[in-house]
Structure formats: structure tokens, C-alpha cells
Amino acid sequence: SQVSSEEESQNPSSVGHWKPLMPSKGDKEEPEGGCQDAGGVDEPQSTEQLNVSRLRSSSVEIREKGSEFLRDELHKAQKELKLKDKECERLSKVREQLEQELEELTASLFEEAHKMVREANTKQAAAEKQLREARGKIDMLQAEVTALKTLVITSTPSSPNRELHPQLQSPSKAGFRKGHGRNKSTSSAMVSAASQNVAPEPGSRECREVDSILFSEFQAWKESPTLDKSCSFLDRIYREDVGPCLDFTKQELSELVRVAVEQNTLTIEPVAAQTVPVGKVAAGECGGPKKCALSGLPRTCKHRIMLGDSGNYYYISPSCRARITAVCNFFTYIRYIQQGLVRQDVELMYWEVMRLRREMSLAKLGFYPNEM
């Protein structure tokens, strides 16, 4: 384009003096003369003008094509730039989303870790508390077992323990303890009624002789002590002593009392300072302070019993209480033997069992201390 502009500036006159190639109608005869007159002067000028026009047209075409190519390239570059911008924007959004998810995940992990630490601390504190309570219970049970061993081992027929057998104490010192005792644990079996016996200790000059059959049965039971009444030793005592001693007029209640004594869930308590509770059964079935629930007879009832955790209290007369406590004393002693708490000779244990059987026999015949 620069070359064409320079050529145009150098030859302005030649461009302006171009002659038409086709003559007009009025000049039909002049071309021949004109051509003849001009001769060789006009011919180089026309050739030069043709070359210039060709150059100009070619430069214009080149310029147009170049500009068109540049426009296409510009459009392509703009499209690619837009695509790159979109891709950058998409990647930026993805990065922001990933950063947000990472922050949320980190926060949730920290929260979960703190939660796990709190739960672990809570469980540890609870476990330590349970451990302390268990150790306290173990210490208490060990002390109780030690006390029971001392209480039972020191009681023999020849030298009975007066704390275990309060009927040996003087009448001024003997008395009923307030409150009630429950006998649910076989390891620490002790009922409140066990502190009351129904017959005085035999005299020191009393003669006695071991029955071979009873002693053999007791020895066989002592080898493998059990509370199953199918063995010959307990079967005999059930038939001859326990059954008759707990056979009252009210048969249904008598059976419940027997089961409670066997399962060690019977509670006896005085009613002197107790308010009359509202039981779940009829008042006639429970008896009252002036009527015994077991015999059905009008008697002054100083004690009442509860079978297990039923919440129902039954008022009993002194005679019925003596019969129940006699059986409870027997079961308490054989439980001690079963648990290995009695460290005595077999013959001494046999005579203690015979003494307890005699108390049941006297109680079922109606004999009981005045304190009852």
C-alpha cells in the first residue's frame, strides 16, 4: 500500500490524463490521425498506467484478505479467551466449593472428636464411681461376713453366744429390737426373728444320746450341703418339724409363708409404733391388731409379717410368730453350714440342729416365751 501511494504521488498527471480506449462517435476519423501523430509517445504511458492500476488492485485485494484473516484470527482469539474465562470461573467455583467442604469437614471432625472426648470422660467418671461403690460394698460385705463368722463360730451348745441367742439373757436385758430385718442374701442370712428362740436351754445335767439314723443322715447331708428337700435329712425335717410347725388354719396363707421362709424373703416387724398400712388385699385377710391372720382367732397381735416385696402386711399372734421364728432359726443355721461359716465338729453341729428341731416341736405344740 505504501508503494502504491508513492507511485500515485510521483505520477499524478499521468493518472489524470488517461484517454478513453474507445473513441466517441464524432471522433471516428480522428483516432487514425491521432495515432499516427502521437506515434511512440502515448504507448509507454498507457502501459505504465495499466501496471499501476494492477498494482493498486492487487494491493487492495491483499489488504482486504489480510484484514479478513486478521478479523478471523481475532474472533478465534476472542472465542478462546471467552472459553478460558469460563473455564477459569468454573475452576474458581470448584476451588471455593472444595475449600468450603474442607472447612465444614474439619469443623465436623473437631466437633466429633470433642464429643467423643466428652463421652469418654463421662463414661470414665461413671466407671470410677461404680468402682468406688463396688469397693465400698465389697468392704461392707467382708466386714459383715467376718462378723457373722465370729458370731456363729463362737456359738456352741456347750458355750452358746448370748448375742446370737438372746433368750439366754436375763429378762431385763432381753427385748425386741425396733425395726425389721430382711433376709434376701444367702451370704449374709440373718432375720430379725432369728434373735428369738422359743424354748429355754436344757440344763447342764441333761443326758443325751446320738441317734445313729439321724446322725448318718446329717453326716451324708454335711458332705454335700444343699437346701433341696429331696435329700433324706431335709425330707425328714420337713415331714416331722417344718411342715407341722407352719401348718396354720388359713391354708393358703400358710403355704405362702412356707415359701417365703424357704426363699428367705419373710419380714417380721413389731406394730407398736407402726401406722396401719393400706394393703392390696382385704382387711379381713390381713387380720388386725386384735385378730391373727394365720389362725383366724381373736388374739392381740404385736407383730406383723410381709411376704417378699408384695407390700401386704399380715398381723400374727405371739404363738404364730414363735412357730415362724423357730423355722427361720433352723433355716438360718443350715444356710450358715452350707456357706461354710460354721467351723465346728460334726457332732456339735448335729446337736445344734437337734436343738433347733426341739424348738420347732415345742412351738408347734403351743409353747413360746412370755416376751412373744
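This report describes charged residues in a predicted model, with attention to salt bridges and a surface patch.

**Salt bridges**

The structure contains 12 salt bridges.

| Pair | N to O distance | Helix |
|---|---|---|
| Lys 93 and Glu 89 | 3.9 Å | α4 |
| Glu 262 and Arg 258 | 2.5 Å | α7 (residues 251–263) |
| Arg 355 and Glu 352 | 2.6 Å | α10 (residues 346–364) |

In helix α4, Lys 93 and Glu 89 are separated by about one helical turn because they stand 4 residues apart. Their side chains meet in a salt bridge at 3.9 Å, N to O; a salt bridge is counted when a side-chain nitrogen of Lys or Arg comes within 4 Å of a carboxyl oxygen of Asp or Glu, so this pair qualifies. Lys 93 has a relative accessibility of 52% and therefore counts as exposed, the cut-off for that class being over 50%. Glu 89, with a relative accessible area of 45%, is partly exposed.

Helix α7 carries both Glu 262 and Arg 258, again 4 residues apart, about one turn of the helix. The closest N and O atoms of this salt bridge are 2.5 Å apart. Glu 262, at 24% relative accessibility, counts as partly exposed.

In helix α10, the spacing between Arg 355 and Glu 352 is 3 residues, about one turn of the helix. Their side chains form a salt bridge at 2.6 Å, N to O, and both residues are buried. Elsewhere, salt bridges with shared partners connect Glu 217, Arg 236, Glu 240, Asp 241 and Arg 357 in one network.

**A negative surface patch**

Glu 61, Glu 64, Glu 68, Asp 72, Glu 73 and Glu 80 form a negative surface patch. One of its members, Glu 68, belongs to helix α4, which spans residues 42–153.

Definitions and conventions
Residues are numbered from 1 along each chain as its sequence is written. This is a predicted model: local features need pLDDT of at least 70, side-chain atom pairs count only at pLDDT 80 or more; totals for chains, interfaces and linings use all residues. Side-chain values use heavy atoms; hydrogens and water are left out. Patches are made of residues with over 30% relative accessible area and no salt bridge: like charges are joined within 9 Å, nonpolar side chains (Val, Leu, Ile, Met, Phe, Trp, Tyr) within 5 Å. Accessible areas come from the Shrake-Rupley method with a 1.4 Å probe; for residues, only the protein chains shown count as cover. Lys and Arg count as positive and Asp and Glu as negative; His and the chain ends are not counted. The place of a charge is taken as NZ of Lys, CZ of Arg, CG of Asp or CD of Glu. Helices (H or I, at least four residues) and strands (E, at least two) are DSSP runs, numbered from the N terminus. Buried means under 20% relative accessible area, exposed over 50%, partly exposed in between (1.4 Å probe, protein chains only).
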